[in-house]
Amino acid sequence: MLALNHGDLDITDRSAVERCVKDAKPELIVNSAVLQVDESEKDPIKAKAANVDGPGFLAEAASQIGAEIIHFSTQYAFEGEPIGRLPYTITDAPAPVNVYGKTKLVGEEVVHEACEKSYIIRTSWVYGSGKNSFLCTVHNDLKNGKRVRAIDDIWSSTTYVEDLIDRVMTIRQNGFYGTYHVVNAGICTYYEFALEAGRLIGLARPELDSLIEITHERDMQRVAARPRYTPLRCLLSEELGLPPMRDWRAALAAYAKG
C-alpha cells in the first residue's frame with residue numbers, strides 16, 4: 001500500500017498524477033483529498049482544483065491502467081430542507097447550498113465519467129482517532145471537565161471512521177460500482193452527540209448541562225452556509241443485501257471506549 005499526502009503528490013497536477021499512477025500501478029486508488037467548507041467558500045478557484053480537477057485526474061489515471069477508484073464525497077450535496085424530511089438517497093436530486101457542496105458534487109460526476117470502475121462514497125460527520133474535530137474530542141473534553149459549545153439546530157448522520165472503512169471494503173468486495181451513502185444509522189445534532197458522549201463517560205445530566213453550552217448555527221457567522229438537515233440512507237447497500245450500519249450511539253460507545 002502506498003499512502004500519499006499533499007506533500008507527496010499534488011492531485012491538481014495532472015502530469016504528476018499520471019506519472020505517479022503509472023509508476024505505482026495500483027489496483028485501487030482511494031481519494032480522500034478535499035478543500036474544506038469555509039476554505040472552499042473563500043477560494044472557489046482552489047476549491048474547483050482540489051474538489052473537481054484533482055479527483056478527475058486521479059480517475060483518468062485509474063482508467064488508463066484499469067484500476068478502481070474510491071472517491072469520498074459528502075452529504076453537502078443536498079439542500080437540507082425541510083427539517084424532518086426522509087433521509088436522502090441517490091434518487092433525491094442534489095441541491096448544494098455552498099461552494100464546497102457544489103464542487104464536491106461536480107467532482108463526483110467527473111470521477112464517474114472518467115472511470116467506469118468508480119465507487120462514490122457520500123458520508124457525513126466522520127469522526128475517529130487522530131482527528132481534532134468536535135465529534136472526535138468532545139468525550140475527552142467533557143471527561144476533563146472542559147466546557148464545550150454544541151450546535152443544536154443542524155441534524156445529520158454521523159459516521160465512525162472504523163465503521164466507514166469496514167463498509168467501504170465490503171462494498172468493494174461486492175464489486176458493484178456506483179454511488180453509496182455510508183453512515184451510521186440514526187440522526188442527531190452536535191448537541192445530542194455531546195450529551196450521549198457525556199452519558200457514556202458517566203456524567204449525570206446536571207453536570208452535562210453545566211459543561212455543554214448550547215449554540216445555534218444561525219448565530220455562528222460562518223463563511224459558508226450549512227444545510228440544516230442531511231441524514232443519509234444507502235439504497236445500493238440495501239440492494240446488495242448489506243445490513244444497516246450500527247446506530248450512531250453504539251458506534252460512539254465503541255469509539256469512547258478507545
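The legends below describe close-up views of a predicted model.

**View 1. His181 and its polar partners.** His181 belongs to strand β8, which covers residues 178-181. Because the relative accessible area of His181 is 4%, under the limit of 20%, this residue counts as buried. Its side chain makes a polar contact with the side chain of Arg122 at 3.1 Å, and the side chain of His181 also reaches the backbone oxygen of Arg233, likewise at 3.1 Å.

**View 2. The surroundings of His181.** When residues up to four places away in sequence are not counted, His181 touches Phe78, Tyr88, Thr89 and Ile90, together with Arg122, Leu232, Arg233 and Cys234.

**View 3. The largest nonpolar core.** This core has 26 residues, and those with the most contacts inside it are Tyr127, Val138, Leu142, Phe193, Ile212 and Leu252. Two or more residues come from each of α5 (134-143), β5 (148-151), α7 (190-200), α8 (205-211) and α10 (248-256), and α7 gives the most, with six residues. In soluble globular proteins, nonpolar side chains tend to be buried together.

Notes
Residues are numbered from 1 along each chain as its sequence is written. This is a predicted model: local features need pLDDT of at least 70, side-chain atom pairs count only at pLDDT 80 or more; totals for chains, interfaces and linings use all residues. Side-chain values use heavy atoms; hydrogens and water are left out. Helices (H or I, at least four residues) and strands (E, at least two) are DSSP runs, numbered from the N terminus. Buried means under 20% relative accessible area, exposed over 50%, partly exposed in between (1.4 Å probe, protein chains only). A polar contact is a pair of N or O atoms within 3.5 Å; within protein, one must be able to donate a hydrogen and the other to accept it, and residues adjacent in sequence count only if both atoms are side-chain atoms. Contact means heavy atoms within 4.5 Å. A nonpolar core is a set of buried Ala, Val, Leu, Ile, Met, Phe, Trp, Tyr and Cys residues joined through side-chain atoms within 4.5 Å.
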